[in-house]
Every structure is written in C-alpha cells, then in structure tokens.
Amino acid sequence: MKLKWRYLLILIAVLGVLMGTMSKKPTSSVQPVMSTAEPATPEPTPEDDLRNYKLAIASAFNGDFDAVVVQADSNSRGVSFTVYLADTTITQQAIQLYAEHNNQDDGWTALKDSLCAKSKELTDKLVADGCTDPVINILVVNDNDFVAFRNSNGNTGLHTLIELYDGAVSYDVLTYFDEISSGDSTSSAKLRAAETVGEENALKSALSYLRSSSFSYTGLIGQLEYEGYTHAEALFAADNCGADWYEQAAKCAESYLKHSSFSKSGLIDQLKYEGFSQEQAEYGVAKAGY
C-alpha cells in the first residue's frame, strides 16, 4: 500500500513538471530589428513654394541695393511678383541727373540694362523651379519715400525712379522729364503739383493701377471715376502719372497674347476697345510681335 502511494506521488510530480513545461511560451532567438528608415519629408505646400520663390528673388538683389522688398500675388493665371528696390546712391544719382536734364548717362543706362537682364534670369529660374507663368515687376524707388512706405506696411505712395514689367523698362523718371519738357504728346505733358487731397489721392491710385496693369488714357480716367473720383481729379491723375500710352498699349497687347489668341486685326480692335488710339494700338501690336 505504501508502495502504491509512493508511485502515485511520483506520477503527480512528473505530471506537474510536464504541465509547467507546456505552459511556458517558447522564446525566440531572433532579436527585434529597429527601423533605420528616415521619417517621410512632408510635401511642400503652395505657400512654401511661394515663400521660396520670394526668397530667391530677394537674394538676387541683396548686396546691390540698400533695401529689398518682394510681394507676390498668385492666381489662376500664374504668379505675379513685385520687387521694390531702394538705394541711397541710386536716389542721389537720379536727383543729380534729373537736375541736369540728363537722360543719356552711361551709368543710368547700365543700371537699367542690368535690371532687365536680372529680371529675365530670375524668370527663367522660377520657371525651372516649377513656378507657373511668373511675371516680375521691378520698381526702383526713391530711398527717402521707401522708408515711409516700409514703416507704414505699404500704405504710402512711392516715387518711382525706374520700373520694369516682365523684363522690359516701362518707366524711367529721366525719360519722363525729357518727354514733358519737350511737350511730347505720347506722355503726360501737363505736369503740375496736386492742389487738392482728391487730386493727390487720384494720382496715387493711378500710379498703383499702372504698376500692376496697363491702361489707355481714357481707360485710366474711366477706372478712376469708377472708384469714385471726380472727372477733374481723374483727368489730373491721367495727365500727371507719367505713363507712355504707346508703351501701355504694348503691355496690354502682350498681356492679351499671353492669355488668349488673337489675329493681328482682332488684337488692334481689342486695344481700340480698351481706349487706345489707332496709332497706339498698331504700335502696341507690333511691339508685341505681330
């Protein structure tokens, strides 16, 4: 009897050992592998792209001018950049040449040529970087005015010395002076100081419009009247804004051809509809490549 109990106890002990062994989970000899993959870089947003484009433009002018400000406007037709450049030396040079009635200075011409080349170079770079239909508008402005402009976050006017639109000079303060003094009817020949707040503000509005778009003489007057200015105030602004209406016709023609298709006669008719004369329309179409 004692022997049976002894066997029974041995059997229970053996069963316990077996059950304990079966309950243990097998251990793996394979060590866990830590991932060494780099985290995914987020795709740049359109805002990131626009910021990088502006930085690229600003860096191209830094060091050559005392101050550089780049603004951008993106829409369905592409991206338009406005670059404000201010420099004390250039301002003083303009004042001196203006006083001398000298618009043939080699240094001034070289400045305009370099800006044209820089504008085209930047446009090509932006296209290569993926920017859609970039247009660069460059304004070299009076350094004294620029300080007030920057401190007011762009709420004050600027005295423009040179303006380039899409790689070509569209305004030069020295050429403007020469045209006025010679009575050339292609530009404003009735320059006088504003006598009322309405005239002053109408002129500021006209200059603002001309920096971003193209207008005929009558078209600009109509736009200003639509904005609420009186006919006299709008007339003053159109007469004193310094626009070359032939060059405005050329800019308008180029803008139309950039976004649509026109025959030569159709484009001339369209410019005449915008308020340009037959002669201005023909000049604009010819300069646009027809």
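## The overall picture

Twelve helices and five strands make up this protein; both are DSSP runs, with helices being H or I of at least four residues and strands E of at least two, numbered from the N terminus. It's a predicted model, where local features need pLDDT of at least 70, side-chain atom pairs count only at pLDDT 80 or more, and totals for chains, interfaces and linings use all residues. Residues are numbered from 1 along each chain as its sequence is written, and side-chain values use heavy atoms, leaving out hydrogens and water.

Of the 290 residues, 37% are buried (under 20% relative accessible area, 1.4 Å probe, protein chains only).

## The main core

The largest nonpolar core has 31 residues. Such a core is a set of buried Ala, Val, Leu, Ile, Met, Phe, Trp, Tyr and Cys residues joined through side-chain atoms within 4.5 Å. Its biggest share, six residues, comes from α4.

Ile 57 is among the residues with the most contacts inside this core. Skipping neighbours within four places in sequence, Ile 57 is in contact (heavy atoms within 4.5 Å) with Val 70, Phe 81, Val 83, Leu 122, Leu 126 and Ile 136.

Helix α7 itself runs through residues 197-212 and reaches 23 Å from its first C-alpha to its last, close to the 22 Å expected (1.5 Å times one less than its number of residues).

Key: Buried means under 20% relative accessible area, exposed over 50%, partly exposed in between (1.4 Å probe, protein chains only).
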